[in-house]
Amino acid sequence: MNLARKLALLVAVPLVAVVGFATLALVTSFGQAVESGRLADEVSLARTAGVLTRDLHRERLASLAMLQNPPTDEQRTAFRRLAGRTDAHAAEYRAQRAALSAVPDHFVDVLERIDTALGDLPALREQVLSGERANLSAITFRYRITAADLATLREQVSAGAPAELTGDLRAAAQLSHITEYIGLQQIAVLRAAADPYLSPAMSDEVSAARAGAVDAAYTFSQGAPADWLGWYDRARIGEEARAVQVMDDGVARTQPGQKVVLDAPAWTSAMNAHLDQLGAVEQRVDDAVVASVEEYRDSQLLRTVIQACAVVATLAAAIVVAIWLGAPMIRGLRQLRGAAHTAAYESLPAAVFALRGRNALGKATPKEYADATNDAVVVRGTDEIAQVGTAFNELNHSAVHLAAQQAAMRDQMDSMFVALARRAERLTSALIAQVDLTERGEQDPDRLAALFTLDHLATRMRRTNNSLLILGGEGSARVRKEPMSCHDLLNAAVSQIARYQQVDLHSEVDLQDLDRVIAAEMTDHLAHLFAELIDNATAFSAPSARVTVVAAPSGDGAVVTVTDKGLGLTPEALAAARARLADPDRDVGAVRAMGLAVVGRIASWYGIGIEIRSAPKQGTVVKVGLPPRVFTRRADFDWFHGQAKAAAPSTIVTTQTRAAQAPSAGADQRDSAKISGVMTAFARGIGAHRTANGKPDQPTPDLVEKS
């Protein structure tokens with residue numbers, strides 16, 4: 001039976017397909033019913049908070065009148081009456097707050113601030129009544145903060161409300177902002193009128209309150225229902241509202257530095273009447289919100305009861321049919337998922353990784369290799385799940401086949417590199433041998449210098465050939481028969497670059513222990529590694545800049561530091577260079593950046609650690625850590641065969657030194673001893689890099705195996 005028929009049979013029982021969802025919906029509906037009950041309590045608390053906000057504004061207005069002028073007994077009595085009314089509503093607020101079944105996280109901070117502010121009201125009122133230590137701005141600000149927290153409470157009621165109620169709750173909260181901003185405008189205008197002139201700060205305060213009221217009114221108009229807008233519009237077109245508008249226009253035309261001309265009693269009376277009308281609208285809106293929330297709560301409770309009955313009635317049939325048809329499907333899908341997961345994250349990556357090595361295919365073709373790969377998923381049956389498994393096996397086979405084709409292509413490219421390098425190596429070796437033969441019979445210094453230039457170019461060509469060999473996975477075509485000191489090794493590296501005159505070389509390794517030398521079978525590769533690094537350092541430095549190469553002991557090994565003051569690397573280029581050194585086999589652009597790829601491969605053969613530090617326009621520092629395995633001991637080793645052991649030279653011979661050692665214009669240019677001295681200086685580096693007879697040696701088998 002295929003999957004479509006199974007699903008059709010499941011749908012045959014009307015409620016089977018929705019049993020699980022019905023249970024989830026029941027839990028959700030019950031949670032919504034509980035939340036709707038909590039929301040109803042929060043809305044009631046917000047309504048009381050709105051009333052309390054209006055009471056606090058009346059207190060604030062009365063305190064302003066008492067603090068601007070010496071208070072009368074009548075003002076004190078009126079203030080106490082207003083305070084008593086506020087306390088009554090505060091007690092109602094506290095009772096509703098205590099009745100909350102659970103306090104949401106977004107309510108905790110604002111409720112704590114409101115509790116603190118209400119607890120501080122008696123002390124604040126005492127300051128107003130006594131006039132002692134009473135600062136008008138500070139007291140007005142404390143009333144304002146409390147009113148702002150109450151308005152925030154009304155706003156946050158909508159945070160956990162359902163979508164159909166959110167708009168109404170936010171619109172109702174905007175009414176509190178409107179009345180609060182109008183109240184702030186009333187206070188600010190009265191304070192401005194009491195001053196000798198309108199200060200810029202007071203003008204900004206009046207403007208800010210006026211702008212806040214306008215913004216809140218606009219937000220209210222965008223989200224409020226049509227009947228609420230009608231209530232609000234009627235509250236704005238009365239006589240009091242028009243009187244407020246006329247007086248406010250006069251204040252708005254007053255420039256900073258001018259006296260605010262205002263009938264304070266008329267302003268206070270008109271504003272109070274206008275605020276009372278807005279308060280009535282706010283109360284009416286709050287009643288409508290409470291009614292909507294209670295209706296929503298009742299509907300949620302009814303829906304929960306209906307869903308519970310439906311779930312109980314169909315649960316037994318749903319369980320039986322689901323087990324009968326669902327269990328085999330679930331088991332098959334789980335097996336498919338497990339097999340696919342294993343293939344995607346274990347077997348397929350392992351197969352692709354195994355193909356990264358050279359000659360990984362052996363004698364097999366890519367198709368034969370892919371065909372020999374086991375199926376990722378064991379397919380049973382003929383339904384859609386089995387068809388998915390078959391398709392996944394085909395996909396896995398295609399991925400392995402593609403990886404095998406790429407491996408075969410890499411092997412072909414490596415073979416091509418090796419073949420080209422071998423051909424060029426034979427020609428280069430013949431050229432070097434011929435140049436060496438000519439050098440031995442030549443005594444003219446000028447011709448010797450020209451031959452040296454050709455010799456140097458041929459040496460650089462040989463390094464390029466060796467780079468191609470290494471990229472092709474094979475070692476150098478030559479093997480040295482004697483070890484070399486660290487200084488000689490670096491000299492040999494410097495002899496292979498174009499701008500060798502810029503290099504300053506120092507070897508503390510040889511100064512401390514002449515018997516500690518580089519193993520013969522590793523010298524050519526290590527010289528090649530340092531040649532690439534030093535060549536990069538000189539290539540990206542100014543012609544007059546010096547490149548320093550220092551070899552220092554480090555435990556049983558050594559650290560060679562190549563330092564330049566050149567262009568440096570950007571962070572992106574530095575990261576790319578480090579990645580190329582860490583994994584040269586993944587570098588598809590090895591030919592374009594052959595030097596670092598060659599360095600990375602040689603370093604991986606011998607376990608050499610390389611660290612690069614660089615910054616744009618600050619130069620580059622490369623540290624190469626030579627492990628103990630590259631060193632050996634040879635008690636009788638020295639620079640020149642047959643000479644007594646002496647300290648190794650600490651500095652490479654530069655162009656200026658060579659010029660000083662060349663014969664003068666009046667000397668006997670046919671003197672073989674003098675010519676030999678000049679060529680000794682010229683050939684110091686190249687002679688350390690090639691064998692004495694100039695003939696290429698045979699490949700090293702163990703190095704080929706390491707590649």
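## Buried, exposed and in between

A residue counts as buried when its relative accessible area is under 20%, as exposed when that area is over 50%, and as partly exposed when the area falls in between. In this predicted model, L402 has a relative accessible area of 47%, so L402 is partly exposed. L402 is found in helix α13, which covers residues 384-441, and the C-alpha atom of L402 is separated by 8.6 Å from that of A370, a residue 32 places away along the chain.

Another residue of helix α13, I432, has a relative accessible area of 0%, and I432 is therefore buried. Between the C-alpha atoms of I432 and R462, which are 30 residues apart along the chain, the separation is 9.4 Å.

## The protein as a whole

The protein has 707 residues, of which 44% count as buried, and its secondary structure consists of 22 helices and seven strands. The accessible surface comes to about 35,300 Å², and 58% of that surface belongs to carbon and sulfur atoms.

The contacts can also be sorted by how far apart the partners stand in sequence: among contacts between residues at least 6 apart, 79% join residues that are at least 24 apart.

In soluble globular proteins, nonpolar side chains tend to be buried together. The largest nonpolar core of this model has 72 residues, and within this core L153 and I178 touch the most other members. Helix α7 gives the most to this core, with 13 residues. When its neighbours within four places in sequence are left aside, L153 is in contact with L45, A49, Y93, F107, V110, L111 and I114.

## Helices α3 and α4

Two packed helices are described by the angle between their axes and the distance between the axes. For helix α3 (residues 73-98) and helix α4 (residues 105-119), the axes come within 12 Å and cross at roughly 150°, and the crossing in which α3 passes α4 is left-handed.

Which residues of α3 and α4 meet? From α3 they are A90, Y93, R94 and R97, while from α4 they are L111, I114, D115, L118 and G119. Sorted by class, the residues in this contact are five nonpolar, one polar and three charged.

T53 lies in helix α2, which runs over residues 19-68, and because its relative accessible area is 5%, T53 is buried. Not counting residues up to four places away in sequence, T53 touches A147, L150 and E180. T53 and A151 are 98 residues apart in sequence, yet their C-alpha atoms are 7.8 Å apart in space.

S176 belongs to helix α7, made up of residues 163-194. S176 has a relative accessible area of 1% and is therefore buried, and, leaving aside neighbours within four places in sequence, S176 is in contact with R154 and E282.

Which residues are buried in helix α5 (residues 121-130)? They are L121, L124, R125, Q127, V128 and L129. An α-helix has 3.6 residues a turn, so residues three or four places apart point the same way. Helix α5 is followed by G131, whose phi is positive, near 75°.

A buried residue can also be described in a loop: L355 lies between α11 (264-354) and α12 (366-371), and L355 is buried because its relative accessible area is 1%. The C-alpha atoms of L355 and A407 are 6.0 Å apart in space, although these two residues are 52 residues apart in sequence.

Notes. Residues numbered from 1 in each chain as written. Predicted model: local features only at pLDDT ≥ 70, side-chain atom pairs only at ≥ 80, totals over all residues. Heavy atoms only, no water. Helix = DSSP H or I, 4+ residues; strand = E, 2+ residues; numbered from the N terminus. Buried < 20%, exposed > 50% of the residue type's maximum accessible area, 1.4 Å probe, protein only. Contact = heavy atoms within 4.5 Å. Areas by Shrake-Rupley, 256 points an atom, 1.4 Å probe, with all protein chains shown as cover. Axes fitted to C-alpha atoms, helices over the stretch in contact; angles between N-to-C directions. Left-handed = near helix turned anticlockwise from the far one by under 90°. Nonpolar A, V, L, I, M, F, W, Y, C, P; charged D, E, K, R; others polar. Core = buried A, V, L, I, M, F, W, Y, C linked by side-chain atoms within 4.5 Å.
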